[in-house]
Amino acid sequence: MKEYQDLVVNLHYTDICNYRCRFCHSRFGRTPLGLEEWKRIVSNITRDVDVRRFNLAGGEPLAAPFAQGLIDHIHGLGIPVSVITNGSLLTPSWIDANRNKLSMIGISVDAFRHEDNCRLGRVNGAGQSLSMSRLGELARAIHAAGIRLKINTVVNRVNCRQDFHALVAAVRPDRWKLLRMIRIEGTNDHADDLLVSGAEFEAFAARHADCRPVVENTADIVNAYIVVNPMGRLLDNTGGRYRETPSLLDHSFGKVFPSVAFDRRAYERRYKAA
Ligand code: SF4
């Protein structure tokens, strides 16, 4: 029996992203690792962990040239794979080609008007955001492929008074997750004007209670995620800043994980809620 049972491991395997969200807390540094190195990291994790699912994230995970290779590798190990993406690089044909490989596709949607996406920085270099018609097309392709659809929404100053009912009704996600924007020192501390209070976050969630969102307030996510950054290092976000372990490229999970503050009960609560 492996040392750790039933864990979801988030691989933020790239720092590359075509968007510039002002509140982004997923900017970790450069992306020096390639597919073979990530295969080694996966191996160093699975040696010690019975992985329930690898969740691929970034940056923008589909912007990495080896995204498909990593999905294929993990799928080949018989371990479920999910992806969290900004949706801009997704296509119906890519979704269809991965219908038997992905258990879930998560798309982050924090605004439904182009001008609000511009205010948040959720646009590519050409100033384009994910339109609602394109999101609808992608959602239909995901449902048709039999893949679960998750929408992640970060509640922030721009969207906190808006009504997302029409969006949720149009897209019909299997899970709609609401997250309160968090502040990470040295990462997104230049975007304090986008922060919302606990009361504003709760009011947004209460207004949308009939959509049955999964609600994650700031305290719910501290030490409740297992995150590997683009350098292959586990992250600890205690105290509102990131602390890194040595890289899983050279060390086994079992060796470095005990130095990470991990709250198993908070983790179980999160996945139970999901
Ligand atoms: S799409 Fe995600 S990774 Fe890219 S800038 Fe926005 S929050 Fe960060």
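Q: What makes a residue count as near a molecule or strand?
A: The C-beta atom of the residue, placed from the backbone, must lie within 6 Å of it. Around the ligand, C17, Y19, R20, C21, C24, S26, G58, G59, E60, N86 and S108 are the residues of the shell. The model is predicted, so local features need pLDDT of at least 70 and side-chain atom pairs count only at pLDDT 80 or more, while totals for chains, interfaces and linings use all residues. Residues are numbered from 1 along each chain as its sequence is written.

Q: How many residues of each class form the shell around the ligand?
A: Four are nonpolar, five are polar and two are charged.

Q: What is the peptide bond between G58 and G59, cis or trans?
A: It is cis, with omega of about 15°. Most peptide bonds are trans. G59 sits in the loop between β2 and α2 (67-76). Both G58 and G59 belong to the residues around the ligand.

Q: Why is L11 called buried?
A: Count the other C-beta atoms within 10 Å (20 or more: buried; 12 or fewer: exposed; in between: partly exposed; atoms placed from the backbone). L11 has 25, so L11 is buried. L11 belongs to strand β1. Beyond four places in sequence, L11 is in contact with F54, L56, A57 and V228. Contact means that two C-beta atoms, placed from the backbone, lie within 7 Å.

Q: Why is N188 called buried?
A: N188 has 20 other C-beta atoms within 10 Å, so N188 is buried. N188 lies in the loop between β6 and α7. Leaving aside neighbours within four places in sequence, the contacts of N188 are F23, C24, H25 and R183. N188 and C24 are 164 residues apart along the chain, yet their C-alpha atoms are separated by 6.1 Å.

Q: Why is β6 called largely enclosed?
A: Five of the six residues of strand β6 (residues 175-180) are buried, so the rest of the structure largely encloses β6. Strands are DSSP runs of E with at least two residues, and helices are runs of H or I with at least four, numbered from the N terminus.

Q: How do you know that β5 and β6 pair?
A: Two strands pair if DSSP finds at least two bridges between them. Strand β5 (residues 148-155) and β6 have six, in the parallel sense. N152 has K177 as its bridge partner in β6. T153 stands opposite L178.

Q: What makes the crossover from β5 to β6 right-handed?
A: Point the strands away from the viewer; if the path from the first strand over the helix to the second runs clockwise, the crossover is right-handed. The chain goes from β5 through helix α6 (residues 165-171) to β6, and this β-α-β crossover is right-handed.

Q: Which strand pairs with β6 over three bridges?
A: Strand β7 (residues 214-216) does, in the parallel sense. L179 has E216 as its bridge partner in β7. With helix α7 (residues 198-207), β6 and β7 make a right-handed β-α-β unit.

Q: Why is β5 called largely enclosed?
A: Seven of the eight residues of β5 are buried, so β5 is largely enclosed by the rest of the structure. Strand β4 (residues 102-108) runs parallel to β5, joined by five bridges. S108 has N152 as its partner in β5.

Technical notes. Nonpolar A, V, L, I, M, F, W, Y, C, P; charged D, E, K, R; others polar.
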